[in-house]
Amino acid sequence: MKLSKFKFNLTPEQIALYPAKNRDESRLMVVDRKTGTIEHKTFKDILDYFGPHDVFIFNNTKVFPARLYGNKEKTGARIEVFLLRELNEELRLWDVLVDPARKIRIGNKLYFGDDDSMVAEVIDNTTSRGRTLRFLYDGNHEEFKKALYALGETPLPKYINRPVEPDDEERYQNIFATEEGAVVAPAAGLHFSRELMKRLEIKDCEFAFLTLHSGLGNFREIDVEDLTKHKMDSEQMVVNADVVETVNRAKDANRQICAVGTSVMRAIETAVSTDGHLKEFEGWTNKFIFPPYDFSVATSMVTNFHMPLSTLLMMTASFGGYDLIMDAYQVALKEGYKFGAYGDAMLIL
């Protein structure tokens, strides 16, 4: 499978800059793999496709305010610092990306906040853009995290080309997000409102929550035409005993199992055993799913409309079938569906 097979023309106007007024009122395209049919619905119509003891698997990772702006000592140059993950709690070491990277070297100090109250020192170069920062802070870890996050802003994807607004803190986050660690929101889950979750519960649908801390690898450009040569960034994940029990019970009873988002699909395909059942897992995954691929667990999938040439589109095409999904994307473009994290959704049955 070649990279160029996932190219299509997407204009900036077709990328959603803002979410729908209500979470469950974005548009929903329903794609049926058996019949090849495409229906146009509203997201809350998803209720019509599921019944008692069908299972929705959600990703409960929580996005933290990962994007900071600081100034370099002496020159005062403005530097964007994107927090990726905490490496050492005690030493306050963080793995970060810096932009512009050419200006930042080992030993440089960066100052954050209007009063320069937060200071960090560059102690390592990990990649061309990546650095390890040591934050210099006297308080305890809880106070430090609070101060650090107060300086950060919601890390909207760069394709959402506008300033971050106060509402983004709530809307670029799933309502069931509890496990802090993501710098990318699992966008398929953004469509689920409290009311919709309640109505699914009333229908006796079941919910399972795993954790996969979505990272910037989702947006990294693929620079090889032969997809077998692309390496995904590793992401931390946990599939606990409750998820395993709920999902395997549904599988054995031939119930629907709906993966809500590409991150969930990657997690369950990482944690599947040879007999097609889910097993407990705690660790890292760099699984890259592209067509053709045989899925073991999910019978359906909710996902957003993704960018051209993205690994997220490749996984969607793997599950829905390459020809059907690429046709559906052409329909979405023609019908004015919105793309990206704040855009509309697709249900693949």
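Two strands pair if DSSP finds at least two bridges between them. By that rule, E14 and E16 pair in the parallel sense, over three bridges. Strands (E, at least two residues) and helices (H or I, at least four) are DSSP runs, numbered from the N terminus. This is a predicted model, in which local features need pLDDT of at least 70 and side-chain atom pairs count only at pLDDT 80 or more, while totals for chains, interfaces and linings use all residues. Residues are numbered from 1 along each chain as its sequence is written, and side-chain values use heavy atoms, with hydrogens and water left out.

**The sheet**

- Nine strands form an open sheet with mixed pairing, in the order E2-E1-E17-E16-E14-E3-E12-E13-E15.
- Strand E2 (38–42) and strand E15 (281–285) stand at the edges; each has a single partner strand, so one side of each is left without a neighbour in the sheet.
- From one strand to the next, the twist averages 25 degrees. Angles run from 0 to 180 degrees between N-to-C directions, and axes are lines fitted to C-alpha atoms, for helices over the stretch in contact.
- Strand E1 (residues 27–31) runs antiparallel to E2, and five bridges join them. Met29 stands opposite His40 in E2.

**Helices on the sheet**

- Helix H3 (residues 194–202) packs on the sheet and touches strand E3 (55–59) and strand E12 (206–212). The direction of H3 makes about 130 degrees with that of E12. Contact means heavy atoms within 4.5 Å.
- Helix H7 (residues 322–334) also packs on the sheet, touching E1, E2, strand E16 (300–304) and strand E17 (345–348). The direction of H7 makes about 150 degrees with that of E1.

- Strand E14 (residues 257–260) is covered on both faces. Ile257 and Ala259 are buried on one side, Cys258 and Val260 on the other. Buried means under 20% relative accessible area, exposed over 50%, partly exposed in between (1.4 Å probe, protein chains only).
- E3 pairs with E14 in the parallel sense over three bridges. Ala259 is the bridge partner of Ile57.
- On the E16 side, Val302 is the bridge partner of Val260.

**Buried and exposed**

- Helix H5 (residues 262–270) is mostly covered, with nine of its nine residues buried. Among them are Arg266 and Glu269.
- Glu221 lies in the loop between E12 and strand E13 (235–239). Glu221 counts as exposed because its relative accessibility is 69%.
- Glu221 and Val96 are 125 residues apart in sequence and 18 Å apart in space, C-alpha to C-alpha.

**Cavity and pocket**

- On a 1 Å grid over the protein atoms alone, a cavity is a set of points where a 1.4 Å probe fits but cannot get out; a pocket is an open set with protein on both sides within 12 Å along at least five of seven lines; lining residues have an atom within 4 Å of a point.
- Grid points are joined across faces, edges and corners, and a volume is the space filled by probe spheres set on the points.
- The whole structure holds one cavity of 30 Å³ or more. The largest cavity has about 90 Å³ of space. Its lining includes Arg23, Arg171, His191 and Tyr342.
- The second largest pocket has about 250 Å³ of space. Of its 16 lining residues, Pro65, Gly152, Glu153, Thr154 and Glu169 lie nearest its centre. Strand E4 (61–63) and helix H1 (141–151) are the elements that give two or more residues to this lining.
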